[in-house]
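Let's take a walk through this structure together. Have a look at it below, and then we'll go from one spot to the next.

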Amino acid sequence: MSGKAPLGTRILARNTTDWESLTDEQVIAARHRTNRLRASRAMRVVTGLPHRRTRITERVLDLPGRRLTLRVHRPRDAGPRLPLVLSFHGGGFIAGTAAQNDWLNSHLAARCPAVVVGVEYRLAPEHPLPLPVEDGHDTLVRILDEAGAWGVDPAAVAVLGESAGGTIAALMALRSREGGPAVHAQVLAYPALDWTETMADYPSIAANTGQPAFSLSEFRTAARLSLPPGLDPREVSPLKLEDLSGLPPALVVTGGLDPLEDHGGRYAERLRSAGTDARRDRYPGAVHGFLSMPGLVRQARPARDGILAFLHGRLHPAARRAGVERR
């Protein structure tokens with residue numbers, strides 16, 4: 001291993017489940033238990049307190065063939081027309097909930113300011129890829145079709161994703177290049193960007209397997225359950241796509257103790273090589289998922305502030321580029 005994770009994560013964020021031994025039904029049951037815990041008030045000692053100047057509500061979005069729950073973070077003193085940030089939680093496409101990102105999303109909403117919408121996209125094994133990506137795309141289309149009612153500016157849209165949610169955000173940015181809707185900035189936090197047979201063939205995985213908050217067993221199970229027969233894994237693996245030109249500005253956030261660090265690091269390099277304005281922020285002592293654990297990982301706060309400055313500078317064109325005044 002490349003270093004020692006913070007004590008709190010070693011105690012509270014260990015993932016010792018043998019996911020590969022579980023049946024589909026057992027994976028679903030484990031998801032329900034995990035998501036209830038992540039969304040509980042008791043877990044806010046780990047996941048962080050929402051910003052007091054943000055109002056959090058849930059809305060149900062009716063789309064063809066399904067209903068999605070959206071977790072909406074809106075500043076209490078919001079203006080009538082704010083940027084939109086669409087947020088996608090992590091969990092390997094088999095687990096996770098938008099509520100685990102309340103700390104990050106609410107602070108971005110209050111301080112950017114913006115309307116930040118966490119999408120409860122459908123999960124595998126019941127709903128494998130590319131359905132979660134379609135959920136993200138269709139949600140964005142619907143919100144922008146009703147931009148006035150939502151109080152958002154269609155000319156200031158960003159996508160933000162963590163881990164598997166980073167897959168969705170990156171694919172939405174790629175899709176916006178072809179036929180829209182337009183995405184003006186992308187934030188990829190410790191993203192999983194290779195779902196092919198080479199998904200684990202990276203030095204950071206060899207170096208950091210065994211660190212808290214990431215399980216190679218869960219990663220393999222996620223791939224098995226979320227990639228249905230007939231789907232070419234390269235189609236949902238941004239790292240494997242040949243053309244990465246013409247994409248919106250990107251911020252890639254990685255942790256030095258994260259097995260997936262090389263997924264994000266190499267993607268940032270490829271984006272820059274393709275001419276995209278891409279920046280990588282690396283936090284040496286951070287584990288996978290650290291932005292959902294500000295109570296355990298102190299580097300979550302500077303990472304949050306880096307994301308805030310990036311989004312503010314690109315979604316508020318008249319803003320001072322030097323940074324965002326803290327409120």
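Arg304 is found in helix α11 (residues 300–315); helices here are DSSP runs of H or I with at least four residues, strands are E runs of at least two, and both are numbered from the N terminus. Arg304 is also buried, with a relative accessible area of 9%. Buried means under 20% relative accessible area, exposed over 50%, and partly exposed in between, using a 1.4 Å probe and protein chains only.

Before going on, keep in mind that this is a predicted model, where local features need pLDDT of at least 70 and side-chain atom pairs count only at pLDDT 80 or more, while totals for chains, interfaces and linings use all residues. Residues are numbered from 1 along each chain as its sequence is written, and side-chain values use heavy atoms, with hydrogens and water left out.

Now for the nonpolar cores. Such a core is a set of buried Ala, Val, Leu, Ile, Met, Phe, Trp, Tyr and Cys residues joined through side-chain atoms within 4.5 Å. The largest one has 65 residues, and Leu86, Val117, Trp195, Phe219 and Tyr267 have the most contacts inside it. Helix α7 (residues 164–178) supplies the largest share of this core, with seven residues. A second, separate core has 35 residues, including Met43, Ala286, Leu296 and Leu311. Back at Val117, the contacts beyond its neighbours within four places in sequence include Leu70, Leu84, Ile143 and Trp150.

Next, the aromatic rings. Rings of Phe, Tyr and Trp (its six-membered ring) pair if their centres lie within 6.5 Å; planes under 30 degrees apart count as stacked, over 60 as edge-to-face and the rest as tilted. The structure holds seven aromatic pairs. One of them is Phe88 with Tyr121, tilted, at 6.3 Å centre to centre and 50° between the planes. This pair links distant parts of the chain, 33 residues apart: Phe88 sits in strand β3 (residues 82–88), and Tyr121 in the loop between β4 (115–119) and α5 (131–145). Phe88 is buried at 0% relative accessible area, and Tyr121 is buried at 3%.

Definitions and conventions:
Contact means heavy atoms within 4.5 Å.
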